[in-house]
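Subject: The structure I promised you

Hi,

Have a look at it first, then read on.

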Protein chains: 2
Amino acid sequence: MLDDARFGLSRTATLPGPLRLDGGVLLSPVDIAYETYGDLAPDAGNAILVCHALTGDHHVASEHPVTGKPGWWARMVGPGKPIDTDRYFVICVNVLGSCLGSSGPASVNPATGKLWAMAFPVITIRDMVRAQAMLLDHLGIAKLFAAVGGSMGGMQALSWAATFPERVASAVVIASAARHSAQNIAFHEVGRQAIMADHRWRGGDYYADNDPPSSGLAVARMAAHITYLSEAGLTAKFGRKLQSRDAKTFGFDADFQVESYLRHQGLSFVDRFDANSYLYITRALDYFDLAEEHGGTLANAFKRGDTRFCLVSFDTDWLYPTSESRTIVHALNAAGAPVSFVELKSPFGHDAFLLESPELDRVITGFLGAGER
Amino acid sequence: MLDDARFGLSRTATLPGPLRLDGGVLLSPVDIAYETYGDLAPDAGNAILVCHALTGDHHVASEHPVTGKPGWWARMVGPGKPIDTDRYFVICVNVLGSCLGSSGPASVNPATGKLWAMAFPVITIRDMVRAQAMLLDHLGIAKLFAAVGGSMGGMQALSWAATFPERVASAVVIASAARHSAQNIAFHEVGRQAIMADHRWRGGDYYADNDPPSSGLAVARMAAHITYLSEAGLTAKFGRKLQSRDAKTFGFDADFQVESYLRHQGLSFVDRFDANSYLYITRALDYFDLAEEHGGTLANAFKRGDTRFCLVSFDTDWLYPTSESRTIVHALNAAGAPVSFVELKSPFGHDAFLLESPELDRVITGFLGAGER
């Protein structure tokens, strides 16, 4: 199956639209890069949409074209895996505003023939979901068997259930939240200011000479990366270990392993991500507040449909802590929606959803299996 | 008393040294800017050294010369206040490496006649303490009644007790730690990289044309500032409140109040602080590990003296959480040192030690009073 062309087939659909964005702009046409795995059933009833996180992409279980690394959730998606591509038709879409083939600031503005840069309209999580729905129309999929995602991917799954309740039978929401907190916004604002502080950002018009604001983007990534890891995890992995066995250098090189690790995270990120896309997607996250979209009451977001929900949080996740998942569960209870919820133990903080976790595998396998029965 | 010239008397001592730094360099001469309040007793037995935090200064209870704001601990230090300048002779020293008058990267290198910039030697918390001890020699103070500080100031108080146990009768250590954790180092490394990413940093040689790396320094301050506040405090103060009553702008201006607040914190900081000093002092903090200086066992740091200790932590401080204070208390217990410890409740996170806190006032008043008896 792994040699089959159907496994990890990358395509880009150019859909006429128009896509009416939350900000009021009509986007047309809309490029949507996506990847599919497995076969769509004759009744199109076995489609699972996997939604990616802030800096993710549609290469969920196939090699990344830039880094050559395995897909970001290859351990979850594949033949015989929890999201089993022998049974399900799996779709993963590069979100609107990103930089891996879907329309975003680094893509061409058809009205001018030039790259959008900061003229690209500000988008929301719901806009990303609307674009995905357009793609499903294009693919002839009326209703998803499931929408699944962690972090920002979980927000998309929630937004799917709230925006198109008739089109999604179940939603799996992992390490996520129904809104960005003040602290979440604060960290993203640091990242945006770091990018904009880089003199090479130039108001976003940096594409022509291939000299992007990589220093600022690396700093943004470093700051964000700290929030993806738990304090205990950082201590266990690095503590105060030095780079060399020798003493401190009494200089400003990376003496500590954690410094070197963070610098590497920043530097490797800039090779695969666009700074303007980082601005747009963090903005979409900060704007996300599902209750606000529904009259200020989160339960109202879930009153129209019969979507089943599965929520998972991790006990050391301080970016989107368990309390955020609990808030969603309470709202689902108030709306009378079926929901299962579990907090898993992990030393790895927010990043736990991407890592080896037999418990998470069991939860997802069980939840999807129950949906078939 | 407030009109008395003795209240908040700013001076700079140029001491011949040499000061032997932990990095091996001999610094000579050493400029030390300091401020004193109250009168030194004839037996010089009523001196309290107040130690400031990362971006603090010696203007503990007098107007800041740049911002015009009241001293950073004016609520704690003054006539009739917990650190009572009617009874104690209070000294506050601008730490070595800082930029308010003490020797640091923004001061003149006597060997070249030019500003040090990054040629200034990397310093440690213990070096700061050694410089303070030289000043006490100069002032004729053999033994401190107390060394008191919050955050990095608390580390200096700890280092005083470990380095000069015979010269400090009591130490008050508030919201502090005996070593920087991996997460502490990580946040500081983000700040340093933000400064160095600013093209105006130029390897630290930015003094000549008055064009400092203010964008990078502002980003560094923003990232650090998040760690000074609790998540709950940010939510209570800002939540998702917008700047205007109107809807979101769908742009990249500061829509949310928390964004505007953080930007203000960054911008106002660059007017009063030097970017190179920020590099040096964060480095000193990251290097701080009192156990490492004493054979890997923290208790060894406290076995030589008879200093009394008072430790205070705040329950919402996630920069130097209560567990760090507890580690110190356990080491003091193991060393047989007298210690009182309390965790105070506060919604304000790490910054709580700077804010109105009647409980903290009572703890300090009681502890200092007991020391007189």
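Let me start with one residue: B:Arg167 is buried, because its relative accessible area is 12%, and the cut-off for buried is under 20%. Before I go further, keep in mind that this is a predicted model.

Elsewhere, salt bridges with shared partners build one network out of A:Glu189, A:Arg192, A:Arg283, A:Asp286, B:Asp255, B:Glu259 and B:Arg263.

Over all chains, the structure holds 42 salt bridges.

- B:Arg283 and A:Glu259 meet through their side chains at 2.7 Å, N to O. B:Arg283 is in helix α7 (residues 275-287) of chain B and A:Glu259 is in helix α6 of chain A, so this pair joins two chains. Both B:Arg283 and A:Glu259 are buried.
- B:Arg75 and B:Glu356 form a salt bridge at 3.6 Å, N to O. B:Arg75 is in the loop between β5 and β6 (77-78) of chain B, and B:Glu356 is in the loop between β12 (339-344) and α9 (358-372), so the pair ties together parts that are 281 residues apart in sequence. Are the two partners buried or exposed? B:Arg75 is buried, with a relative accessible area of 17%, whereas B:Glu356 counts as exposed at 59%.

Now for the place where the chains meet. In the contact between them, 53 residues of chain A face 53 residues of chain B. About 4700 Å² is buried between chain A and chain B, and carbon and sulfur atoms give 68% of that area. On the chain A side, A:Arg240, A:Phe250 and A:Phe252 lose the most area to chain B, together 18% of what that side buries.

How many salt bridges cross this interface? The rule finds 12. In one of the pairs, A:Glu292 bridges to B:Lys248, with the closest N and O atoms 2.6 Å apart. There are also 27 residue pairs in polar contact across the interface of chain A and chain B, both residues being at pLDDT 80 or more. In chain A, the helices α3 (182-197), α4 (214-228), α5 (231-237), α6 (257-270) and α7 (275-287) each supply at least two residues of the side that touches chain B. The largest share of that side, 12 residues, comes from α3(A). Sorted by class, the side of chain A that touches chain B has 26 nonpolar, 12 polar and 15 charged residues.

On to the interior. In soluble globular proteins, nonpolar side chains tend to be buried together. The largest nonpolar core here has 197 residues, and those with the most contacts inside it are A:Ile91, A:Trp160, A:Phe302, B:Ile91, B:Trp160 and B:Phe302. Helix α4 (residues 214-228) of chain B gives the most to this core, nine residues.

B:Gln132 lies in helix α1 (residues 125-139) of chain B, and B:Gln132 counts as buried because its relative accessibility is 1%. Its side chain makes a polar contact of 2.8 Å with the side chain of B:Trp160. Not counting residues up to four places away in sequence, B:Gln132 touches B:Leu49, B:Cys51, B:Val93, B:Val95, B:Gln156 and B:Trp160.

Last, some backbone details. The peptide bond from A:Gly17 to A:Pro18 is cis, with omega near -5°, and A:Pro18 lies in the loop between β1 (9-15) and β2 (19-20) of chain A. B:Ala175 is not a glycine, yet has a positive phi of about 50°. You will find B:Ala175 in the loop between β10 (170-174) and α3 (182-197) of chain B, where B:Ala175 counts as buried at 0% relative accessibility.

Cheers

Conventions
Residues numbered from 1 in each chain as written. Chains lettered and ligands numbered in written order. Predicted model: local features only at pLDDT ≥ 70, side-chain atom pairs only at ≥ 80, totals over all residues. Heavy atoms only, no water. Core = buried A, V, L, I, M, F, W, Y, C linked by side-chain atoms within 4.5 Å. Buried < 20%, exposed > 50% of the residue type's maximum accessible area, 1.4 Å probe, protein only. Helix = DSSP H or I, 4+ residues; strand = E, 2+ residues; numbered from the N terminus. Contact = heavy atoms within 4.5 Å. Buried area = accessible area lost by both parts, 1.4 Å probe. Salt bridge = Lys/Arg side-chain N within 4 Å of Asp/Glu carboxyl O. Polar contact = N/O pair within 3.5 Å; in protein donor to acceptor, adjacent residues only side chain to side chain. Nonpolar A, V, L, I, M, F, W, Y, C, P; charged D, E, K, R; others polar.
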